[in-house]
Amino acid sequence: MTATLPTAVQQVFDRFVTTEFTTVDKQGQPITWPLTPYYRPGDDCISVTTGLGYPKKANDAAANPKVAALFSDPTGSGLDQAPQVLVQGTAHVDDHDLQANAARYKRELAERLPEAQEQLPPKVFDRWMLWYLARIYIHVRPERIYVWEDGDVARAPQLFDARLEEVRSGHDEEPPAAHAGASGGAEAWDERLDELGDVFPDATVTLVAPDGFPFSVRLPVEVDRGAHRIRLGGGPVGVPWQPGLACVTAHDHPEQFRWQRNFQVRGDLVEEDGAWSVVPRKLVGGFELPPGFVTRTRLNLKKFNRFRRTAKRELAKRT
């Protein structure tokens, strides 16, 4: 399917530095993180990776292969007026040869993000960095692609679909899937929420569509502290809104990807007074990498140790 897409869309896959990748866990919660996509024009699949020390994305994709990848942040791509592109697809988890995956990852990282690759610790640390360098690849075969020209989500997206009947009818032909309703319970508020609408004027909002595929779109957001709500703007067209579990993901990085910041808010998508909002239930800090090996090690030391323990368990299961 990807080989027949317009060149402008294939360039997005090939040149974007990050994609917002979504899996759906066993509770029906969509979980979205920024990852580096790997794609060459004409490839069958778009690939992302995760470390052996934090394999949840891969585990969730293996259990539920309906995934999505949104291309909405053109920073570092060199593309002007890039479209916003949502890929809904079927995931295949590749972890049968972790050593080969590690070699591939180093090679592809050096080609795609040489500045980031240069910041990896010296080779003498490779054994200690097994939790990171031993990679699990997730290959996404596109099933349905939405393209918002010029990134303008207020305009109707163009649909490209592997199913001819959907192209002809102009709507989703998949039967409805089981849908997790709002979780309810206590609201969670974190000081980082104040960064939404300020440090991050827009963010990726993800829900689970009626057919069970995640659906993501980048929207303007603002925080209503008094009401404990994340208000969604932008007037997007083509979004299959329905109440239920949602994820709001904020991230940024420089052109050369020398550092990255990211976090996500999981909560309930609700409609109030004709507008949509997310009620925050949990804030999850991402794997953030500030400049400098020593600085990022100090910031993430507890995580590193946890990732090492997880990688040891995962390796034992695979041996």
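A residue is called buried when its relative accessible area is under 20%. In this predicted model, strand β3, which spans residues 46-51, has 6 of its 6 residues buried, so the strand is largely enclosed by the rest of the structure. The side chains are divided between two directions: I46, V48 and T50 point one way from β3, while S47, T49 and G51 point the other way. Residues of both groups are buried.

Strand β3 also has a partner. It pairs in the antiparallel sense with strand β6, residues 135-148, over 6 bridges.

## Residue L70

Is L70 buried or exposed? Its relative accessible area is 0%; because the limit for a buried residue is under 20%, L70 counts as buried. The residue belongs to strand β4, which covers residues 66-71.

Which residues does L70 contact, apart from its neighbours within four places in sequence? They are T19, E20, Q84, V85, L86, T204, S216, V217 and R218. A further relation concerns T18: 52 residues separate L70 from T18 in sequence, yet their C-alpha atoms are 9.0 Å apart in space.

## The largest pocket

The largest pocket holds about 1000 Å³ of space. It is lined by 48 residues, and those closest to its centre are L35, Y54, K57, F287 and F307.

Several helices and strands each supply at least two residues of this lining, among them strands β1 (19-24) and β2 (30-35) and helices α2 (56-63) and α3 (98-112). Strands β12 (261-272) and β13 (275-285) are also included. Helix α7 (293-318) is another of these elements, and the largest share of the lining, 7 residues, comes from α7. By class, the lining of the largest pocket consists of 25 nonpolar, 13 polar and 10 charged residues.

## The second largest pocket

The volume of the second largest pocket is about 260 Å³. Its lining is made up of 13 residues, and Y38, Y39, R40, D43 and E108 lie nearest its centre.

Which element gives the largest share of this lining? Helix α3 does, with 4 residues. The lining of the second largest pocket comprises 4 nonpolar, 2 polar and 7 charged residues.

Technical notes:
Residues numbered from 1 in each chain as written. Predicted model: local features only at pLDDT ≥ 70, side-chain atom pairs only at ≥ 80, totals over all residues. Heavy atoms only, no water. 1 Å grid on protein atoms, 1.4 Å probe; cavity = no way out; pocket = protein on both sides within 12 Å on 5 of 7 lines; lining within 4 Å. Points joined across faces, edges and corners; volume = space filled by probe spheres on them. Nonpolar A, V, L, I, M, F, W, Y, C, P; charged D, E, K, R; others polar. Buried < 20%, exposed > 50% of the residue type's maximum accessible area, 1.4 Å probe, protein only. Contact = heavy atoms within 4.5 Å. Pairing = 2+ DSSP bridges.
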